[in-house]
Structures are given as structure tokens and as C-alpha cells.
Amino acid sequence: MPNTTGVARSPQERARGRGARRRRIREALEAYLFLSPAAILLFAFGILPVGYAFYISLHRWRIQKGDFIGLANYTRLLGPSPKVAMLLVGIGLLIGAYYVWRAISFQSGGWQVGLRAILAALLIIGGLTLVLGADGMVRYAAEERTVRQYLLSVLRTVFYSAGTVPFQLIFAFLLANLLFQQIRGRSTFRMLYFLPYITPTVATAAVWRAIIFEPRQGLANTLLSFLGVAQENLPRWILEPQGVVVLLGEWLGISLPEWVVSSPVLSGPSLAMVAVCIYNIWVFTGYNTVIYLAGLGAIPYELYEAAEIDGAGRWQLLRHITLPLVSPTTYFLTLMGIIGTFKAVNHIYIMTQIVGLGGPQDTTTTAAIYIFKQFREGNRWGVASAAAFILLGIILLLTWVQNRVAEERVHYA
Amino acid sequence: MRKADSTRIRLRFRLTRAFIYFVLILGAVIAVFPFLWMVLTSLKTYGEYALRDPWPKALTLLPYRNLPPTEDVVVDLYPIEEGTWGGAPRSAQPLMEGRIPIEQVSAPVAEQLARRGEAPPLEVFILVADVDSEVEGYDTFYFTVGSRVIQQETVRARLGEGWKAPYYINAPDMERWGPQLIVVDNDPNHFVVRKTWRPTVMLIFNYIKSWYEADFARYTWNSVRLTFISVTGVVVFSTLAAYAFARMQFPGRNAIFTAFLATLMLPEVVTLIPNYAIVIQLDRFFERVLHIENAWLNNWTALTIPFMASTFSIFLLRQFFAQIPDELYDAALIDGCGHLRFLLQVVLPLSKAPLMSVIVLNGIWSWNAFLWPLIVTSDETWRPITVGLSKFTMEAAAEVHLMMAGAAITIIPILILYFFTQKQFTEGIATTGLKG
């Protein structure tokens, strides 16, 4: 090591320096040794598989490796590449627009005008390409069965997220706020709410399928007929492939136009999917409540005191202090919830076991179930990996959006 | 005036409190009710489930009241002849023909049976001959052991008020509410059968039945072993890694830590397929090079080793280890203590709480794991309880009361663990907020 200070060192100092250096090297080696078991395992079963999955997705791979076919597995799922490319470019342009928009707030004068123009252009072009690309894919999907199936599975995942995450959050926020009052038996309540989350999914999903959503003996229908909602034609829950909008229309006696009934978007998720959503809300509300409780505990109490002195009412406290200050928790839970619905396999597997995985009529086949079905039932590992990779892309994109939104909107206390 | 005001405020306060408790209790009921319903269903007979009886008779005292004491019944044996019942009166319309098991026999009987090439449990054919719905008590039936007809009596279904149908019409229910028959002596001419009633068996009958039908004994044992192995691995590996991240200096520390954290983002369905391919290749490698068959597939290795590196646990422990004051290490260093000794002798004893969280959380995740075990196990040797249960829910789809008993068997160990350790649990989740 060159002597940079220019001052001659005494032999002792040099020896001490060498000793320190040797100690540092020793410590680093020791640290790598400590890390190695976990690192090797994480690499082998966490990081390597991602690359391997990509490799598999570029091949025709049915249990055994087949020919290299490039992106054919992807086009099989998403449709022809130009449209998909348009969609991706559209997303890219919108992301670019976001960065330009960010830059505007740091610029002033002439620059700002120019940037605004660029922003407008990016937004318009990006939006257009996105819409055109998506439209092209949807049109193509009408002809191509594989593309339609995959896009429908993504749509169902969106339904699944929209049908679970908001409800989980609202119920959890309500319960956490109530628990946060001076409550006797708070820990008992917390423990009970958490119960659905820790018990094996396989067992609880079987319970819901067999004794709650069972059409004849099940608790849900017993309750419905007890409440006088319906006596005959009780809902078939997990066996019902019909969309909820259509079912509601039938129940209310409204005849819906054909284009609503036949549209996969407008007819809504199937009742089977709604049953899965209810189960999901039941499982995760308690978990979210516990996280919210931790978030509420982190809000400094002085803020409430100060606001109360200023004459703020209960509602204003909630609106202007609690909600903004737990927003990091809310964003975290939203992201985890959405990613959770993208990953969910176990409970759908158990709940739809009797009508065929992802049934009835594929209406609970979410993106994750689609992958699993391609993998296990179709033995198409290449296609399944491609679908998994697209899913990973969607999750990363969502995380990115979530982080940006969080940066803008979340107030960190 | 002011008094009226204060009572109104107090009333309002009380109403608010009542509302809060109402909502909280409603939430708790919704969270717990499916479990209660599961337990109730698991105690029902098939008939009770089908007739939508909300409360199983097994939970009332009815089946256990006035049970007769144990008695030895001497029964006469008649040699069997083709088409007859040894001269015994046979009803033209027998209410039931079926088999019941006789579980135990006395040593001399066992010897005799062994000579005939039979061993308990014996499947005994029974035939309910005459049933008089007016008479309380026992009806006569006949059963055959080997080539002999044994006259026997069966329990009457009408054990108390409110029984809907003669219960022994249904063979499984007969098995549940009927007496246990033990052959204690089989003199050539006088067969002595000991008749006892088993209230415990009457209560938890469905549990016993599903336990044997789905081989839950094996699945539970597998799950216990797998959970133990993977938790041990997680604790050892995570402690080492977390210590390195928290207390040691080395190049690339932050980059490696970020890489570790990034793996939390990966959904299981993405890594499932390549991991399965990797495990298959490892299995082939072990077979070809090391000549060990099934080293990975259908073995504990594939079921536990991939889960031993738990980023969540590393993260949780690192947070805690980083808070330990540096002075402690400096003092230990002067005493000539290296990192490993410091970790074992100072850090670990201080970290009981986070270690407990890691053990409990990983234990529960390992017990609940489903998708991966489903894929890498194709036989019973290491199949965990969740996969066993999912198989059982398909096989027993019609017998919901048995299925619920199976679900309860899977849940109960977790519940016990949770009730004793729920503090570590909720705190572990709340402080790191991971694993959604």
C-alpha cells in the first residue's frame, strides 16, 4: 500500500497497519464463510431459477427440453409481436412522461414550456400506442384461443385484486382503529383476527368449500334462506360460472342486453370467483389489521392533542392526521395485497378441486393458476415459464408504479 | 341543565363503546366461526350433516346416558349351512346387512383364529333380523365368524328422545354408536363376547376414522420431521448470515444484502418450474454419480433445503443484531473472542425473542407449505400433511364430516403452537411487515 500521507511511519505503526489489514481481510473471509450457506441456497433456489425460467421460456419444453423457438411462447400468450411491442412502447413512453413531469417542477422559464410540450407529446403518443397495442391484442385474442385464454386469466386476476384488496384494507383499517381505542381484551381480539392467516390454507379453503359455499347444506345458503333473501334458486357459489352482473340482473328481474352478458369485462367475475374473493378477504383482513395497528402505534400522540386543542373533530382527526400518517402502511399493504393475488394458487387449487382446477369453466383461472395448469396439466413448461415471466414483469411494473405513487403521495412521519 | 348535559354525554359515550365492542366482536365471530363450524361438523354423523342438524348429538349427553355396563355375553354357535342361518330366525326384510369390525380378541381366541388363518380386526358379517320399533332395548342380530353363526344383540338406536331414525340403518353410524365387541373366549360351543360402550370413541369417532382412512399418522409425522429439519436449517443459516450483515465489514455488503432482499419479490409460481427442473437434475446427478436413488425427489432434501435460506428471517435477525452495542464486541475482542464465539456466547443469549419469532413463523410456514411439496412428492414416504389433506378432501368429498375431521387434524397442531406463542408471532409480523 503506497504511503499517501507523505509522512514516514514508524515500524510499529506499519506493523499495526498490517495487522489491521490482515484482520480486515480475515473478517471479510469469515463474513463470506458465514454468508455462504444462505447465499448458495438463495442463489440456487432463488436467483438462478429466474434466469433458468427465462431460458426455459425460450424453448419448446414439454418436460424434456426441445428446440429453441425464441419468443414464440410469448406470442402464443400475448399475440403477434408488433401489437405487444406497441403496448410495451406505450408503457415505456408513459414512464418517460412521468420523469419529464418530475423534471418540470425543478425547472423554470423557457425550459418549462419545452418540457411541457414534450410531456404532452409523450402522454398523447404513449397513451395512443398503449391503447392501440392493447386493442390489437384484444382483437387478436378473439381469433386465437391461447391468447384469449391468457388475457382472460389476466383480466380475472385484475377482478381478483379489485374484489379483495380494497375490502381487506377497509375492514382492516376499521378494525385497527377500533382496536386502537382504549379496549379491554385488545390482544385477544388481535389474536382471533389473526387466526385465519396462520392456519393452513389447505385446511381453511377446504372448510369454506365444503361447509360454507356448499350449495345445498352450506352455511352461506342456509344464512341466505334464513334471512329471507332467497328460498329457491339459491346461488351455487363455487360451482357457478356465470358472471355476478348477469346473476344480479337475473335476480332483480332486469333483462340485460346481449353485449353485456357476452362481454367478459362487463358481466363481471363469476360467482365462483366472488366466493374465492370472500375467502381471501376473510384470510387477510386480520393480517392487515395487525400491520395497521403497528402503523397507528407509530403516529405521535402529540399530533392528536394539538389538533384537538385547535378544535378538530373526530372526523377531521381521521381525515387529516390518521389517514395521511398511515398512508405508508396503506401503500405497503396495497402492494402486498395485489402481488398476493397475482401469486395466489393454494386456496384456488383447493376450492376448485372438485370442479376442476381453475373451474368452473375456467372462471377462477387467474394468471398464477394459468401458469400452474400449463405446467401440471398441460406439461407445457416453456409456455408456463413465459407466462410466469410476463407475470413477473407485471409485478415489477406494479411495484415501480407503487413506489412512484408512494413517493409523491405518502407522508412519511 | 348541566346535569342533563353530562348524562347525555355519558350516554353517548356508552353508546359509542357499545358500538365499538359490537363491531369488534362481530369481526371476531366472523374470523372464528368457520373454525367452530368445522369442529361442529367434524363431530356429526353423516345423517346429521345431511339433515342439517346444527348441533351434533355427540355433543349432547344423550348418547352417553344410561349406557349399560360392560357385560360378557355367552352366545350359542350353530354350524352354518348354505342359505340358512343355522336354524336361527331370519327376517324376510332385514333392516341391515353389513360388516362390523371386532378389534380385539383374547389370547386364546387369537390363537384359534391364527390357526384358521385369521387375525383381528375381524370383519364380522351382521344381519339385523327383527326390529320392533316399539321395543326399547336391543334387537337380535346374527353374525358369522368363519363358518359359524353367532347370535348377538345390537344396541337399539333409540337411545334417547329426538333420534330421527333407527341409527343402525347406516352401517358407519352403527359402528359409531354401537358397542365394542371383544371376543374373550371361544369355547367350541360357547362364544363369549365382551360388550363395552366407548363414550370417547362415540365423541371423536370421525377423527379416528379419518386418521386411519387417510394415513394421517404418517402425514403428521412427516410434517413434524420436515418442519423440524427446515426450521433448524433456517435458524442456523439465518443467524450466521444475519450476523455477517449486522456486525461484520466486508466488500459488497450492501450489494449482497440488496440481492438477498430482491428475492422476496419473486412469486413462487415463477421459481416453481425451474426449481422443479433443478431438483430433477440434482436427483439424476446423485443417482448417476453418487449412486443414491431418490436423493431429492420424494425425499426430505427437496422439501426442506430450498427453504433453509429465509430472507425474511435474515432481515428480522439482522435488525436485532445491529442494535447490540459495539462496546460488548470490543470488550469480547479484548478477551480474545472471535466472531463465532461472540455470536454463540453473547449475541444468541441476548436474542431469544427474535429467534423465537423466527422459529415460530418458519415453523408455521413450513407446516402450511403446499404447492412445492405437492409437486416434488409422488408417494407417501415424505408427503406432508397439507398434501395428504388435499388428497383426502378429494377422496372424502361426499363425507364432509370426515373431511372436516381431517381439516381439524391439520389445523390443531398450528393452533396449539399459536396459542402459546402468539405474542412472538404478531410482533414478528408487525415489526418486519413482510410475507404478504
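How many residues does the contact take from chain A and from chain B? In this predicted model, chain A contributes 78 residues and chain B contributes 70 residues. On the side of chain A that touches chain B, helix α1 (residues 11-57) of chain A gives the most, with 20 residues. By class, that side of chain A has 59 nonpolar, 14 polar and five charged residues.

Chain A is divided into two parts: domain 1 spans 71-143 and domain 2 spans 145-409. The centres of domain 1 of chain A and domain 2 of chain A, taken over C-alpha atoms, are separated by 29 Å. Contact between them involves 12 residues of domain 1 of chain A and 11 residues of domain 2 of chain A. On the domain 1 side, α2 (72-78) and α4 (110-143) of chain A each supply at least two residues. The class count for that side of domain 1 is nine nonpolar, two polar and one charged residues.

The largest nonpolar core holds 168 residues. Within this core, Ile371(A), Ala387(A), Ala388(A) and Leu391(A) touch the most other members. Helix α11 (residues 271-297) of chain A gives the most to the core, with 17 residues. In soluble globular proteins, nonpolar side chains tend to be buried together.

Chain B has 16 helices and seven strands. Of its 436 residues, 36% count as buried. Among contacts in chain B with a separation of 6 or more, 67% come from residues 24 or more positions apart.

One position in chain B, Val387(B), was examined in detail. Val387(B) lies in helix α15 (residues 385-395) of chain B. Val387(B) counts as buried because 24 other C-beta atoms lie within 10 Å, where the cut-off is 20 or more. Beyond its neighbours within four places in sequence, Val387(B) is in contact with Phe370(B), Pro373(B), Leu374(B) and Thr377(B). Tyr219(B) is 168 residues from Val387(B) in sequence. In space, the C-alpha atoms of Val387(B) and Tyr219(B) are 8.5 Å apart.

How values were computed. Residues are numbered from 1 along each chain as its sequence is written. Chains are lettered from A and ligands numbered from 1 in the order in which they are written. This is a predicted model: local features need pLDDT of at least 70, side-chain atom pairs count only at pLDDT 80 or more; totals for chains, interfaces and linings use all residues. Helices (H or I, at least four residues) and strands (E, at least two) are DSSP runs, numbered from the N terminus. A residue is buried if 20 or more other C-beta atoms lie within 10 Å of its own, exposed if 12 or fewer, and partly exposed in between; C-beta atoms are placed from the backbone. Two residues are in contact if their C-beta atoms, placed from the backbone, lie within 7 Å. Ala, Val, Leu, Ile, Met, Phe, Trp, Tyr, Cys and Pro count as nonpolar, Asp, Glu, Lys and Arg as charged, and the others, Gly among them, as polar. Domain bounds come from an automatic or database domain assignment. A nonpolar core is a set of buried Ala, Val, Leu, Ile, Met, Phe, Trp, Tyr and Cys residues joined through C-beta atoms within 7 Å.
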